[in-house]
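Hi,

Here is the structure I promised to send over. Have a look at it first, and then read on for what turned up in it.

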Amino acid sequence: MDNTSIQDNTLIQAENLSMIYGSDHKAVDDMSFSSKAGEIVGFAGPNGAGKTTVIKMLTGILRPVTGRALIAGHDIVKEPLAAKQSFAYVADNPDVLLQLTGLEYINFVADIYKIPAEDRAPRVKDLAARFGMSDALETPMREYSHGMRQKLMVIAALTHNPPAWILDEPMTGLDPSAAYELKQMMREHAAKGNCVLFSTHVLEVAEKLCDHIIIMNGGHSLYQGTVEDLSAAHPGQDLEEIFLDMISYKKGE
Amino acid sequence: MNNIRTLFNVYRANFEMPTPKKGLKGSLYTAFGFIAFTCIMLPCCLIVGYITYIMSLALMVENNTMNALLSEVHIISAFSMIFSMLVVFNVLFFSSDREHMVTLPLSHWQLLSAKFWHTYMAESIMEFMVLFSMFVGHFAAAIQSFGAQGVLGPVQILAALIGTLVTPLLPLAYCTILSLILMSVLKKVRNIKVFYHVSTFLLLVFVAIFLLSFRGMGGVNVNNYMDSLAGGTNLFLQICNILFFTVPLLGKAIGSGSILSLFLYLLGNAVIVCIMLFLGYLLYQEGLYTAAALGSRKKKVDADRLKLDLTSVFATYIKKELKVLLRTRAYASNCFYINLLWPIGIIVLFSLSENNENIQHFLDLYREGYSRAALILLLVIIFTSFVASALNSLSSTAFTREGAHVDIIKYIPVPYETQMYAKAAVALIVTYPALILTVIIASFYIGWSLPWTLYYCALALCALLLSIVIGLSMDSAAPFTLWDDEYSALRGNLNSFFNMAVIMVLAVFVCGIAFLTFELTPLGIVPVHLLILVLLIILDIIAVIFGRKIILRNMEELY
Ligand SMILES: Nc1ncnc2c1ncn2[C@@H]1O[C@H](COP(=O)(O)OP(=O)(O)OP(=O)(O)O)[C@@H](O)[C@H]1O
Ligand SMILES: [Mg+2]
C-alpha cells in the first residue's frame with residue numbers, strides 16, 4: 001500500500017507509462033498524470049493518439065513497457081486484484097457476451113465484484129430506470145441497439161460503484177437524455193469523493209464536465225491542467241481552435 | 001466476375017488465423033502443422049482408402065464394380081450436407097461482416113457467389129483428401145480384380161482427379177439452395193430457432209433412409225448392407241443416386257472411362273451451381289432482410305421480481321461460460337452435443353456388428369480371458385479416450401471463444417487462476433459425463449465387471465485431464481480472437497487442429513508403451529493396465545504442475 005497516494009487522495013496515478021506494439025510501434029511515450037478524489041479528468045486527442053492504449057494500461061489489459069499505474073494506491077501489475085476491485089471500466093466497444101441477457105450480464109459483473117443481493121437490487125432498478133433500460137433487462141444483448149449495449153455496460157459498471165471510474169468514450173452512441181444522465185452521474189460520483197477518468201472526442205463535453213483535461217497526440221501529452229488555465233493561455237480562442245492548433249503544431253514539426 | 005474474386009480474396013485473407021512465423025513459436029507451429037497432417041489427415045485417408053478397397057473388392061467378386069465406391073461417396077456427400085448446413089446458413093445470413101458487405105455496390109448473387117466459393121475452399125480440404133483416398137482404394141481393388149489394363153485409362157484417372165475436386169460442390173450447393181428457400185418460405189416464422197433445427201432434421205432424414213435400406217433383411221449390420229449393395233437393392237444407394245445425381249455419372253466415368261459421362265458429370269454440377277446463383281439472384285436479398293429482422297419475443301419485465309442473488313465468483317464464471325456455450329449454435333453443436341457422438345456411436349457400433357463374425361469372435365476371445373484381446377481393447381480405449389476429450393475443442397478454444405472481448409479476462413478482479421480453473425471445469429463438466437456414459441454402455445455390451453468399468457472411467461478421466469491442460473496451454477499461447485462468426489472461431493482456429501494432433505501423438509505414445517510393456521516384459525495383462533493408469537496419473541501430475549504455470553503466464557502475457 002502506497003501511503004503517500006492515500007494521503008493526497010490520488011485515486012488514479014500514471015507514472016511514466018510507455019507502450020510499444022509489435023517490435024517498434026511506440027503508441028504511448030512516457031505519460032504521467034494523476035487524478036485525485038473529487039476530480040473528473042478528460043482525455044482528448046485525435047484518433048490514434050493513444051488514449052485507449054493509456055486506458056488499457058491503467059486497467060491491466062496491457063502491461064506497460066515502462067512506468068507503472070496505481071489505482072487507489074495499488075499497483076495494477078503488482079497487486080492486480082486490489083487495483084481491479086477499485087475501478088469500473090467501460091470499454092470503447094460494448095459488444096461483450098452478447099448471448100447473455102442484460103440482467104444476466106449485470107448479475108455476472110455484480111457476482112464478480114461480490115455485490116450482496118440487498119445492495120444490488122435497488123442499484124440495478126435505479127440505474128435501469130434512469131437509463132430507460134428497465135424493459136430491456138431480460139432481452140439478450142445481441143438484440144440491443146448500439147446505444148442500449150453502451151448503456152448496459154455503464155449500468156453494469158456502476159452497479160459495483162467503486163472509487164474510480166475509467167470510461168473509454170462513454171458518450172458514443174448515447175441519446176441526449178442518456179448522455180445527460182451519464183454526465184450527471186459522473187458529477188455525483190466525483191462529488192462523493194471519487195474520481196472519474198474518461199476519453200472523449202467531444203470537446204464541449206470535456207470543457208463543461210472536466211476539472212482537468214489531458215490533451216495527447218502521437219503518444220505524448222501536449223497539455224495537462226484545467227480548462228480555465230488553457231483558455232487563459234490562449235486568449236480569444238475557443239477550446240476547439242486551441243485543440244486544432246495544438247495538434248497541427250505537432251504535425252508540422 | 002472481378003468483384004467476386006476481390007471479395008473472395010478478402011474473405012480468405014480474413015479467415016486465416018495469424019500465426020507466429022518466426023522464432024521458437026514459429027517453428028513450433030510448423031511442427032504442429034506437420035504432426036497434425038501426419039497424425040490426423042493421413043491415418044483418416046488410409047483408413048478410408050482401406051475400407052473402400054475391402055468393400056470394392058468384396059463387391060467386385062460379385063461382379064458389381066461401382067456400388068461400393070458410389071455408396072461411400074454418397075455417405076460423404078450426406079455428411080457434408082448435414083455438417084455444412086449450419087455453416088452455410090451462418091456464413092450466408094449471420095456473419096458479422098453481413099452489414100458491411102450488403103452496403104457495397106454489388107449485386108446479391110455476386111455476394112452469394114463469393115461467399116459460396118470461399119466456403120467451398122475453406123470447408124472442403126479434408127473432403128478432397130478423403131475422396132482422393134476412396135478413389136485410390138477403388139483403383140487398387142479394381143486392379144487386383146481385373147488387372148491394370150482397362151482400369152487405369154487416362155479418362156478414368158482424369159475423372160478421379162476431377163471428381164476429387166468437384167464432388168464437394170453439389171452438397172454445398174444444395175445447402176445453399178436449401179438455406180435460400182428456407183429463409184424465404186419461413187420468413188413469416190421470424191424465429192431463429194426453426195432455422196437451426198434444419199441440420200438436425202437432415203441428419204434424421206439421412207439416418208432414416210440409411211436404416212430403411214436394411215428393411216426386410218433381419219438386422220442392421222455390415223453383412224446385410226454389403227448384400228443389399230451387391231444386389232443393387234439398397235434404398236440409401238437408390239435414393240442418393242437420384243439426390244446426388246452427378247455421382248453415378250462420375251462412377252461411370254471412373255468405371256468405364258466414358259468421356260461423355262465425365263462431361264455430363266461436370267455439366268450436372270455446373271447446372272446446379274447456376275440454379276443456385278439464379279436463386280441467389282432472386283432470393284438472397286430478401287433472405288438477408290429477413291435475417292436482419294429476426295429476434296426473440298420481447299418479454300414484459302417486472303422490476304420487482306428480477307433475480308438478483310449473489311453467486312460465488314467461480315460458479316458465476318462457470319455459469320457464464322455454459323450459457324454462452326449453449327446459446328451459441330456453433331458452440332452448442334460443435335462443443336456440446338458432439339459429445340453424444342461417443343455413447344451413440346458405441347451403441348451403433350455394437351448393434352451393427354452383432355452378426356459380424358470377426359468382432360463376435362474377438363469379443364468371445366476377450367471374455368475367455370485371452371490377454372492379447374484385452375490388450376487390443378485397452379489400446380482402442382486409450383486412443384478413443386484421448387480423441388474424445390480433444391474432439392469437442394472445449395479447452396483448445398477456451399480463450400479463442402472470448403472473441404474481441406478477450407480483454408475481460410484482464411480487467412475483472414478475478415485471479416487468472418480462478419478463471420483458468422473455471423474454464424477447465426467447464427470442459428470437464430461437459431465432456432466427462434459423456435465419457436462415463438460411453439464406458440457404461442460398453443461395459444454392458446462387453447460384460448465388464450464393476451472394477452473394470454471403474455478402471456476405464458478413471459482412465460478416461462486421466463486422458464481428459466491431460467487433454468484439457470494441453471488444450472488450455474495451446475490456446476492461451478496464441479488465441480485467435482478476431483473472428484467474424486462463431487464458426488470461424490472454431491474452424492479458423494488452428495489451435496484446436498494442432499491440439500488434436502498433439503493429443504494423437506500422446507495417445508500413440510501411451511498405446512506404444514502399453515503394447516511394448518506387454519510384448520517385451522513378463523508383466524501380465526492386468527499389471528499392464530495398472531501400469532498405464534499410473535503412467536497417466538504421473539503425466540497428469542506433471543501436466544498440471546507445468547501446464548498451470550504455462551497457462552497462467554500466457555494469460556498474463558495475453559495481448
Ligand atoms: N492491438 C494493436 N496492435 C498494434 N497497434 C495498435 C493496437 N492498438 C492500437 N494500436 C496503435 O496504437 C496507437 C494508439 O491507438 P489507440 O487505440 O490508443 O488510439 P486512441 O487515441 O484510442 O484513438 P481513437 O480516438 O480512435 O479511439 C495507434 O497508432 C494504433 O495504430
Ligand atoms: Mg480509442
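Asp111(A) and Arg120(A) meet through their side chains in a salt bridge, with 2.9 Å from N to O. This is a predicted model, so please read every value here as computed from it. Both partners of that pair are out of the solvent: Asp111(A) has 2% relative accessibility and counts as buried, and Arg120(A), at 0%, counts as buried too.

Elsewhere, salt bridges with shared partners tie Lys320(B), Glu321(B), Arg401(B), Glu402(B) and Lys423(B) into one network. Over all chains, the structure holds 21 salt bridges.

Another one to look at is Asp95(A) with Arg149(A), where the closest N and O atoms are 3.0 Å apart. This pair links distant parts of the chain, 54 residues apart: Asp95(A) sits in the loop between β6 (87–90) and α4 (102–112) of chain A, and Arg149(A) in helix α6 (residues 146–159) of chain A. Asp95(A) is partly exposed at 32% relative accessible area, whereas Arg149(A) counts as buried at 13%.

Which chains does the bridge between Arg63(A) and Glu556(B) join? Arg63(A) belongs to the loop between α2 (51–58) and β4 (66–71) of chain A, and Glu556(B) to helix α24 (residues 525–557) of chain B, so the pair joins two chains. Their closest N and O atoms are 3.9 Å apart. Arg63(A) is partly exposed, with a relative accessible area of 45%, and Glu556(B) is partly exposed as well, at 41%.

Now for the domains of chain A. The assignment gives domain 1 (1–86 + 162–253) and domain 2 (93–161), and their centres, taken over C-alpha atoms, are 25 Å apart. In domain 1 of chain A, 18 residues are in contact with 15 residues of domain 2 of chain A. The two domains bury about 1,300 Å² between them, 60% of it from carbon and sulfur atoms. On the domain 1 side, Gln85(A), Pro162(A) and Met185(A) lose the most area to domain 2, together 36% of what that side buries.

Three salt bridges cross this domain interface. In chain A there is also a salt bridge between the side chains of Lys151(A) and Asp175(A), at 3.8 Å from N to O. The elements giving two or more residues to the domain 1 side are α3 (80–85) and α7 (176–191) of chain A, and α7(A) brings the largest share, seven residues. That side divides into eight nonpolar, five polar and five charged residues.

Best wishes

Note on methods:
Residues numbered from 1 in each chain as written. Chains lettered and ligands numbered in written order. Predicted model: local features only at pLDDT ≥ 70, side-chain atom pairs only at ≥ 80, totals over all residues. Heavy atoms only, no water. Domains from an automatic or database assignment. Contact = heavy atoms within 4.5 Å. Buried area = accessible area lost by both parts, 1.4 Å probe. Salt bridge = Lys/Arg side-chain N within 4 Å of Asp/Glu carboxyl O. Helix = DSSP H or I, 4+ residues; strand = E, 2+ residues; numbered from the N terminus. Nonpolar A, V, L, I, M, F, W, Y, C, P; charged D, E, K, R; others polar. Buried < 20%, exposed > 50% of the residue type's maximum accessible area, 1.4 Å probe, protein only.
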